[in-house]
Amino acid sequence: MMNSSAGPADGPAISAEGLVVRRGGTVVLPGLDLTVERGTVTGLLGPSGCGKTTLLRSVVGVQRTAAGTVTVLGLPAGAAALRDRVGYVTQAPSVYGDLTVGENLDYFAAVLGAPPGDPDRVIAQVGLDAHRRTPAARLSGGQRARVSLAAALLGRPELLVLDEPTVGLDPVLRQELWRLFRELAAGGATLLVSSHVMDEATRCDRLLLMREGRLLAHDTPAALLAATGAPDVETAFLTLVRTAPEAAR
Amino acid sequence: MNAAARRTLATAARVLSQLRHDPRTVAMLLFVPCLLLVLLRYMYDAQPGTFDRIGPELLGVFPLLVMFLVTSVAMLRERTGGTLERLLTMPLGKLDLLLGYALAFGAVALLQAALASALAIGVLGLDVAGPAWMLFAVAVADGLLGMALGLLVSAFAATEFQAVQFLPAVLLPQLLLCGLFVDRADMAPALHRLSDVLPLSYAVDAMGRITRESGVSGRVLADLAVVAGSALLALALGAVTLRRRTD
């Protein structure tokens, strides 16, 4: 059911070594190492402006990097052979407002060369069946975000990189989307999901806590709580910030 | 059908669907040049000879202006709306995207030029010595040039306000120097040389020759080739401005 394609099927889904990104003279990522295992849901958590989007863009291969390597599914990030194996959802919904939901997905499916029934499948997955003929501009913000997510699900990518996919959604929808993410991971896909809502952390297999371009922790939610003695991930984050203030600079 | 052709055609179809959802823009694209030609015809009501001389030249200029505006804003929206970044993370070649735009807006340019030339010759009584289809061919080439320049300048605009400002910045100097107002040979030598490298000069020269000379001379075809070549060059430069990796 997944795309079968080149590159070693074992090995991590994502690995970064010494990744440095500078933007406009400031260092956003000062040298980051990272591994994301296949078939997992990894949460990338951290405050606004800590470099989450820059890291995700580097994984997708649209970020100009200054040093270091990022390997995705065994290939250099951004390689042409990865373009139909990695789905990317940007923070702001990137769909055509003047086209209907169906027209948007039909077009992206044609670009990907996805099978004919794929637009209908992903529209159902994000629960927008009733809006197939609605222009994206007339949807609510949360609905438009789901169209953007649906576009990334086309062609059943092996890796999904999602930048704050649940922002602005009501609790019921958020729960449904997380259920969808778990299903996709159970089917063998790898998901890297950023969020600044710490309570979404418990739904992930692994957590990456990020602050000022550095990873404070990379662990399972349970191990993180055990190591910090904190009752929840938000407190754990604060504990880590307090105990490692120098390293974070 | 190979994959690149499929992606190019899908892109052209998508751009046309976007236009279909925006009937007001389509109406402006098709009828504004016609309206301007009608204005021109009755402006020179007492001097039909002047309309015969200027009409064809403006028939070449209007499609350029209109297509430039529409494509620069359309492409800018693609850049600022995040859809360009999404497309560049997908298996879409830069040329697939640009040719898709060229096909879609080229079809519109064709329709626009057909309407405007038919109106000018059939209804407004525009009288040219050369063949009418040549007038049409040059008008289409001008529309394509406007489109290609619009795609290119969209790379240098951060907002729609800026994109619209490129019309006076990029096209008005060409309009002043193209020989429409003053014979290019009568301009200051530096300006004459400058006008020699501006594509609109060739468009207006071609229209002038079609007005005066019967038959199709090699010079007209050469002018047409320069306009088409400039459009291709602008498209190629546009492809360079589409970067998969950005800051």
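Biologist: Is the crossing of α3(B) and α9(B) left-handed or right-handed, and what makes it so?

Modeller: α3(B) passes α9(B) in a right-handed crossing. A crossing is left-handed if the near helix is turned anticlockwise from the far one by less than a right angle, and right-handed if clockwise. This is a predicted model, in which local features need pLDDT of at least 70, side-chain atom pairs count only at pLDDT 80 or more, and totals for chains, interfaces and linings use all residues. Residues are numbered from 1 along each chain as its sequence is written, while chains are lettered from A and ligands numbered from 1 in the order in which they are written.

Biologist: What angle do the axes of helix α3 and helix α9 of chain B make?

Modeller: The axes of helix α3 (residues 48-80) and helix α9 (residues 199-212) of chain B cross at roughly 145° and come within 9 Å. Such axes are lines fitted to C-alpha atoms, for helices over the stretch in contact, and angles run from 0 to 180 degrees between N-to-C directions.

Biologist: How do you know which residues of α3(B) and α9(B) meet?

Modeller: Two residues are in contact if their C-beta atoms, placed from the backbone, lie within 7 Å. By that rule the residues of α3(B) that meet α9(B) include B:D52, B:R53 and B:L64, and among their counterparts in α9(B) are B:L200, B:M207 and B:T211. The contact of these two helices has eight nonpolar, three polar and three charged residues. Ala, Val, Leu, Ile, Met, Phe, Trp, Tyr, Cys and Pro count as nonpolar, Asp, Glu, Lys and Arg as charged, and the others, Gly among them, as polar.

Biologist: How many helices and strands are there in chain B?

Modeller: Chain B has 10 helices and zero strands. Helices (H or I, at least four residues) and strands (E, at least two) are DSSP runs, numbered from the N terminus.

Biologist: Why does the radius of gyration of chain B agree with a compact globule?

Modeller: The radius of gyration is taken over C-alpha atoms, and the globule rule is 2.2 Å times the number of residues to the power 0.38. For 247 residues the rule gives a value near 18 Å, and chain B has 18 Å, so the two agree. The C-alpha trace of chain B spans about 55 × 40 × 35 Å along its principal axes.

Biologist: Turning to chain A, what makes β1(A) and strand β4 a pair?

Modeller: Two strands pair if DSSP finds at least two bridges between them. β1(A) and strand β4 (residues 67-72) of chain A have five bridges and run antiparallel, so they meet the cut-off. In β4(A), A:T69 is the bridge partner of A:E17, and A:T71 is that of A:S15. β4(A) and β5(A) are joined by two bridges, also antiparallel, with A:V72 opposite A:L75.

Biologist: Which turn residue in the hairpin of β4(A) and β5(A) has a positive phi?

Modeller: A:L73, at about 50°, in a hairpin with two residues between its strands. The hairpin of β1(A) and β2(A) also has two residues between the strands, and there A:G24 takes a positive phi near 55°. Strand β1 (residues 14-23) and strand β2 (residues 26-36) of chain A pair over eight bridges in the antiparallel sense.

Biologist: Why do β2 and β5 of chain A count as edges?

Modeller: The open sheet has the order β2-β1-β4-β5 in chain A. β2 and β5 (75-76) each have a single partner strand, so one side of each is left without a neighbour in the sheet.

Biologist: What is the pairing in the sheet of six strands in chain A?

Modeller: Mixed, in an open sheet with the order β6-β7-β8-β3-β9-β10. Here β6 (86-89) and β10 (214-219) stand at the edges. Strand β7 (residues 159-163) and strand β8 (residues 190-195) of chain A are parallel over five bridges, and A:L162 stands opposite A:V193.

Biologist: How do you know where domain 1 and domain 2 of chain A lie?

Modeller: Domain bounds come from an automatic or database domain assignment. That assignment gives domain 1 (1-85 + 159-249) and domain 2 (95-156). Their C-alpha centres lie 25 Å apart, and the contact takes 11 residues from domain 1 and 11 residues from domain 2.

Biologist: How many residues of each chain are in the contact of chain A with chain B?

Modeller: 25 residues come from chain A and 24 residues from chain B. On the side of chain A, helix α2 (residues 101-112) gives the largest share, five residues.
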